[in-house]
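Here is a short tour of a protein model, written for someone who likes to know what sits where. Have the structure open beside you and follow along.

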Amino acid sequence: MYESFLYHPARGLKTGLSVDEMSEAIKDDQSLIWLDMLDIEDSDIDFLTSVFNLHELTIEDFIMPNARPKIEKFKGYFFLIAFSLESNGADTGEKVKTAELDCCLGKNFLITFHSCPLNSIAICKERTRRQSPMMMHGADMLLYSIMDSCIDGYFPVIQKFDSFVDEISDELFGAPNKDTLKKIYNLKNEIMCLKRAIGPQADVMSSIVRGDFEFISPANVIYYRNIYDNLVRLNDTINASRDVITGAMEAYTSLISNRLNEVMKTLTIIATIMMPLTLVASIYGMNFKHMPELDSKFGYPVVISIMAIITISMLAFFKRRNWL
């Protein structure tokens with residue numbers, strides 16, 4: 001399933017092109033074709049190779065999911081893989097989900113392919129229908145508009161993750177529990193997912209900014225530099241958040257260890273105090289007949305007093321050594 005747009009300076013915008021119309025339009029250097037494809041069928045492969053002369057490796061990348069952004073040169077076009085953020089884990093509690101966006105940019109055509117609806121594509125389609133001038137400035141500016149909309153979708157998510165990191169840090173030094181560790185671990189995984197999507201895209205944009213691709217005019221490279229700067233800024237923010245989360249995990253481990261040490265210290269003090277008391281009780285619990293203290297009417301209060309004195313003395317000693 002696909003949707004097509006054709007812009008010509010003399011005839012304006014036209015949508016819903018047939019294969020024959022696209023075949024004729026692509027021969028006109030003044031025309032600009034935007035073909036947006038949602039999923040791909042066998043019949044689509046035929047006209048992609050015949051009309052746009054796409055390489056079979058490009059078709060294979062359309063069909064097979066890719067793990068990393070990349071950019072490749074082919075005869076008559078270059079192929080770009082980017083990732084759009086389609087769900088907000090920090091806001092909804094769900095995992096962050098990125099969706100692959102494949103783009104083929106030629107002299108007077110742009111092909112976008114994705115296996116699920118994308119917000120960035122929907123926004124650019126709506127702008128095109130409203131006669132936005134982005135198609136008037138060429139295929140490279142159309143690609144810029146799509147990529148810019150795609151990258152802009154990362155900023156609100158990164159900001160919410162940054163706030164979430166601050167909340168976890170406050171919780172960590174308040175009353176941390178097992179849920180705190182789970183939150184830290186999940187947030188670290190989400191941040192790493194974002195980093196895997198953003199970092200390589202910055203490398204892709206860097207190669208475009210260097211002017212290595214003929215289908216992006218030198219006058220428009222500066223716009224792609226803006227995307228590159230945004231990606232670098234996002235990557236720096238993610239790295240900072242990752243460092244904070246790593247520190248939070250280490251701090252949580254230290255806090256739990258310190259808490260366990262405090263418990264063990266308390267139990268050790270109790271056991272140490274009970275040792276002499278147990279010794280005294282054991283002595284007078286022996287079953288010997290000739291124990292003079294057993295016949296004394298003051299024997300019991302004297303033993304209890306001795307135990308109390310031992311307990312108080314040991315507590316005072318521990319207090320003086322700052323063990324309590």
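Leaving aside residues up to four places away in sequence, H8 touches D28, Q30 and S31. This is a predicted model, so please read every value here as computed from predicted coordinates. H8 belongs to strand β1, which covers residues 2-8. Is H8 buried or exposed? Its relative accessible area is 6%, and because buried means under 20%, H8 counts as buried.

The side chain of H8 also takes part in polar pairings. With the side chain of D28, the H8 side chain makes a polar contact of 3.0 Å. A polar atom of the H8 side chain also lies 3.0 Å from the backbone nitrogen of A10.

Now for the spaces inside the protein and at its surface. There are two cavities of 30 Å³ or more.

| Space | Volume | Lining by class |
|---|---|---|
| Largest cavity | about 50 Å³ | four nonpolar, three polar, no charged |
| Second largest cavity | about 40 Å³ | five nonpolar, two polar, no charged |
| Second largest pocket | about 160 Å³ | five nonpolar, three polar, two charged |

Which residues line the largest cavity? They are Y7, L13, T128, Q131, S132, M135 and M136.

For the second largest cavity, the lining consists of I158, F161, I191, L194, T237, I238 and S241. Three helices, α7 (154-172), α8 (178-209) and α9 (221-283), each bring at least two residues to that lining. The most comes from α9, which gives three residues.

The second largest pocket is lined by I26, V51, F52, N53, K75, G76, Y77, K107, N108 and F109. Two of the residues in this lining are charged.

N53 sits in the loop that runs between α2 (42-51) and α3 (56-63). Although N53 is not a glycine, its phi is positive, at about 55 degrees. Is N53 buried or exposed? N53 counts as exposed because its relative accessibility is 54%, and the cut-off for exposed is over 50%.

How values were computed
Residues are numbered from 1 along each chain as its sequence is written. This is a predicted model: local features need pLDDT of at least 70, side-chain atom pairs count only at pLDDT 80 or more; totals for chains, interfaces and linings use all residues. Side-chain values use heavy atoms; hydrogens and water are left out. On a 1 Å grid over the protein atoms alone, a cavity is a set of points where a 1.4 Å probe fits but cannot get out, and a pocket is an open set with protein on both sides within 12 Å along at least five of seven lines; lining residues have an atom within 4 Å of a point. Grid points are joined across faces, edges and corners, and a volume is the space filled by probe spheres set on the points. Ala, Val, Leu, Ile, Met, Phe, Trp, Tyr, Cys and Pro count as nonpolar, Asp, Glu, Lys and Arg as charged, and the others, Gly among them, as polar. Helices (H or I, at least four residues) and strands (E, at least two) are DSSP runs, numbered from the N terminus. Buried means under 20% relative accessible area, exposed over 50%, partly exposed in between (1.4 Å probe, protein chains only). A polar contact is a pair of N or O atoms within 3.5 Å; within protein, one must be able to donate a hydrogen and the other to accept it, and residues adjacent in sequence count only if both atoms are side-chain atoms. Contact means heavy atoms within 4.5 Å.
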